[in-house]
Amino acid sequence: MPHSLLYIVRESTAYLQRCGSPSARLDAEVLVAHALHLRRLDLYLQFDRPLEEPELASLRPLLRKRGRGCPVAYLTAEREFHGHAFTVSPAVLIPRPETELLVDRTLAALDRQGPGPVADLGTGSGCIAVSLALERPGLRVDAVDQSQEALRVAAANAERHGVADRVIGLLGDWTAPLRGRGPYRAVVSNPPYVTTAELAALDAGVRNFEPVVALDAGVDGLDPYRAILAGLPPLLAPDASVLFEIDPRRADGLQALCAAAWPAAAVARYRDLSGRERVLEVDLAGAGLPR
Ligand SMILES: C[S@@+](CC[C@H](N)C(=O)[O-])C[C@H]1O[C@@H](n2cnc3c(N)ncnc32)[C@H](O)[C@@H]1O
């Protein structure tokens with residue numbers, strides 16, 4: 001006899017709880033909805049619907065993978081960021097809510113200074129580059145990554161949101177592919193910032209499934225910032241802003257690197273909703289920033 005949709009959601013929740021998922025009910029609802037090609041909200045309208053065996057065939061492998069710790073976003077191939085749905089794959093970091101602050105601060109910097117091309121270094125899924133292009137019609141965003149696979153995902157997202165003509169994927173090492181393409185009004189980056197020692201202590205879902213090239217930042221967690229800062233000066237407009245996502249523990253170290261690169265610049269650090277410093281902005285003109 002077929003089971004109801006509600007029964008399947010409850011059984012799936014119980015299975016994921018036994019596997020140790022901290023968000024078992026939510027995961028179960030998202031995966032059941034995905035397997036049935038429904039929106040999560042629609043489940044609640046159809047809880048009594050009987051489910052036939054063929055309808056459950058695609059759910060079982062999803063539950064098994066989630067039970068082994070695979071993040072839900074990789075199973076549904078989708079994550080919401082800055083109000084838009086982004087395609088993700090295991091080749092890219094899953095966009096995080098705290099990165100929305102980096103987008104917002106970059107938009108504020110562009111509003112202060114006027115429009116101009118932007119570079120997004122380490123674009124991954126393209127969530128930052130595409131969000132900026134969506135918010136500022138006409139803005140060109142050069143989106144760099146060293147991973148061809150990541151650039152494919154970013155290109156798919158640019159296409160999906162109708163900004164493929166303005167989000168330009170460039171393959172290479174940080175600033176190298178940008179030579180001759182500036183000057184940039186703003187450069188934004190969420191580079192890897194986990195120290196090699198901290199990698200082992202990361203949540204298993206991150207450690208075992210997200211790309212290590214998106215996480216590992218060397219012994220002190222600052223190597224990618226050093227590499228980016230070394231290549232930036234000739235690419236920037238005189239009044240450009242440079243904005244980085246940070247781990248709060250790395251903020252002082254990064255600020256010291258920025259002060260060495262641009263002694264006259266103003267630096268501001270911004271906190272996310274939970275009060276943690278997550279964005280560091282350098283304003284080369286030294287004006288306009290809250291100090
Ligand atoms: C923390 S992820 C950020 C992804 C995306 N921007 C986001 O915020 O979700 C860092 C990205 O930097 C890329 N990356 C790492 N080393 C790089 C390098 N040397 N040159 C260019 N990109 C690099 C990784 O492939 C990864 O996509």
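Into which domains is the chain divided? The chain is divided into domain 1 (3-69) and domain 2 (92-283), with bounds that come from an automatic or database domain assignment. The centres of domain 1 and domain 2, taken over C-alpha atoms, are separated by 36 Å. This is a predicted model, in which local features need pLDDT of at least 70 and side-chain atom pairs count only at pLDDT 80 or more, while totals for chains, interfaces and linings use all residues. Residues are numbered from 1 along each chain as its sequence is written.

**Helices α1 and α5**
- Two packed helices are described by the angle between their axes and the distance between the axes.
- Helix α1 (residues 5-18) and helix α5 (residues 59-67) pack at an angle of about 25°, with 9 Å between their axes, where helices (H or I, at least four residues) and strands (E, at least two) are DSSP runs numbered from the N terminus, and where axes are lines fitted to C-alpha atoms, for helices over the stretch in contact, with angles running from 0 to 180 degrees between N-to-C directions.
- That angle makes α1 roughly parallel to α5, since angles under 35 degrees count as roughly parallel, over 145 as roughly antiparallel, 65 to 115 as roughly perpendicular and the rest as oblique.
- The crossing of α1 and α5 is right-handed (a crossing is left-handed if the near helix is turned anticlockwise from the far one by less than a right angle, and right-handed if clockwise).
- Ser12, Tyr15 and Leu16 of α1 meet Leu63, Arg66 and Gly67 of α5, where two residues are in contact if their C-beta atoms, placed from the backbone, lie within 7 Å.
- The contact of α1 with α5 has three nonpolar, two polar and one charged residues, and for these classes Ala, Val, Leu, Ile, Met, Phe, Trp, Tyr, Cys and Pro count as nonpolar, Asp, Glu, Lys and Arg as charged, and the others, Gly among them, as polar.

**Helices α2 and α5**
- Helix α2 (residues 24-35) packs with α5 at an angle of about 150°, their axes being 9 Å apart, and α2 and α5 are therefore roughly antiparallel to each other.
- The crossing of α2 with α5 is right-handed, and the contact is made by Asp27, Leu31, Val32, His34 and Ala35 of α2 together with Leu59, Leu62, Leu63 and Arg66 of α5.
- By class, this contact of α2 with α5 has six nonpolar, one polar and two charged residues.

**Helices α12 and α13**
- Helix α12 (residues 223-231) and helix α13 (residues 251-261) pack at an angle of about 15°, with their axes 11 Å apart, and the two are therefore roughly parallel to each other.
- In the contact, Tyr225, Arg226 and Leu229 of α12 meet Leu254, Leu257, Cys258 and Ala261 of α13, and these residues divide into six nonpolar, no polar and one charged.

**Around the ligand**
- The ligand is surrounded by 22 residues, of which the closest are Gly122, Gly124, Gln146, Asn190 and Ala214 (a residue is near a molecule or strand if its C-beta atom, placed from the backbone, lies within 6 Å of it).
- The elements that give two or more residues to this shell are α8 (127-135) and β6 (141-145).
- The shell around the ligand has twelve nonpolar, eight polar and two charged residues.

**Backbone details**
- Most residues other than glycine have a negative phi, and most peptide bonds are trans.
- The peptide bond from Gly182 to Pro183 is cis, with omega near -5°, and Pro183 is found in the loop between β7 (167-171) and β8 (184-189).
- Ala77, although not a glycine, has a positive phi of about 60°, and Ala77 lies in the loop between α6 (72-76) and β3 (78-81).
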